[in-house]
Amino acid sequence: MSKFFRYSLRIVLLLFVLLLLAYFIVLHTQQGARWIISYFQPSTLKITTIEGTLASELKLIDVTYNDTRALVQAKQINYKIKDIEWLSKKLVVETLTVEKMEVELLKSQSESIPSSPFEGMSLPLEVEINSIKINEISINSKQNIEKLNQVNLAIYAKEHTVKILNLSIDHQNLLLEGSASLELLSNLPFKLTTSWSAHYENNNLDGLGEVNGDITQISLNQAVNSTKGVMTCLLYTSDA
């Protein structure tokens, strides 16, 4: 009996060592990062170069996502992890930076085919991203091209709640700041609180308010102030 116990103990210790080795290789080596990303990488996502490790700093170069609705390209994506708390299932990312993102909206050939309804979801991990910065964004469609200088935000997500904090969007003569929350329920209820300022034809505008709703309706409430002394309250509700 003692002999069987010794053999069992050796097997358990060997499995434990192998698990520790796999953990180290996946999170702390560049080859492990490349393997795990390639394993979970969908066919619609292509990454030319992967540098760094999952547990510290990671750099993705020439990233392309292509499906029937959009073509998204990024020159470089960098992220730096701060902490992984396995027991509490929490991931903390210090910074996530995207350089030169181009989004081309494509006309889907399956637009007439209704998609299956979203049933809601609960996140398996608590995720905290302290800083997300996207530099030089171009959104192309057949009608026009929109360019954003920079987008900054932070994200906290747990279970079915996603919170967007410290949101800042710099779009030519418009600067928008705010915060938002989204519930990952079947009707995707959301709330966006904004304050913004704009400069147009020697006239400065600024405003604040809220946008809230879900996939069935949107409500807009904004107070606008002009340098010419005009104050306007805009209330708008629309069914999606």
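The model is predicted, so local features need pLDDT of at least 70 and side-chain atom pairs count only at pLDDT 80 or more, while totals for chains, interfaces and linings use all residues. Residues are numbered from 1 along each chain as its sequence is written, and side-chain values use heavy atoms, with hydrogens and water left out.

**Exercise 1.** Describe how strand 5 is paired with strand 4 and with strand 6.

*Solution.* Begin with the terms: strands (E, at least two residues) and helices (H or I, at least four) are DSSP runs numbered from the N terminus, and two strands pair if DSSP finds at least two bridges between them. Strand 4 (residues 90-105) and strand 5 (residues 126-140) run parallel and are joined by 12 bridges; within this pairing, Val92 lies opposite Glu128. Next, strand 5 and strand 6 (residues 145-158) run antiparallel with 11 bridges, and they form a hairpin with 4 residues between them. Ile134 has Val151 of strand 6 as its bridge partner.

**Exercise 2.** Find which residues have the most contacts inside the largest nonpolar core.

*Solution.* A nonpolar core is a set of buried Ala, Val, Leu, Ile, Met, Phe, Trp, Tyr and Cys residues joined through side-chain atoms within 4.5 Å, where buried means under 20% relative accessible area, exposed over 50% and partly exposed in between (1.4 Å probe, protein chains only). The largest core has 26 residues, and those with the most contacts inside it are Ile37, Leu54, Leu58, Leu60, Ile134 and Val151. Helix 2 (30-40) is among the elements that each supply at least two residues of this core, as are strand 5 and strand 6. Taking Ile37 by itself, and leaving aside neighbours within four places in sequence, its contacts (heavy atoms within 4.5 Å) are Ile47, Ile50, Leu54, Leu58 and Leu60.
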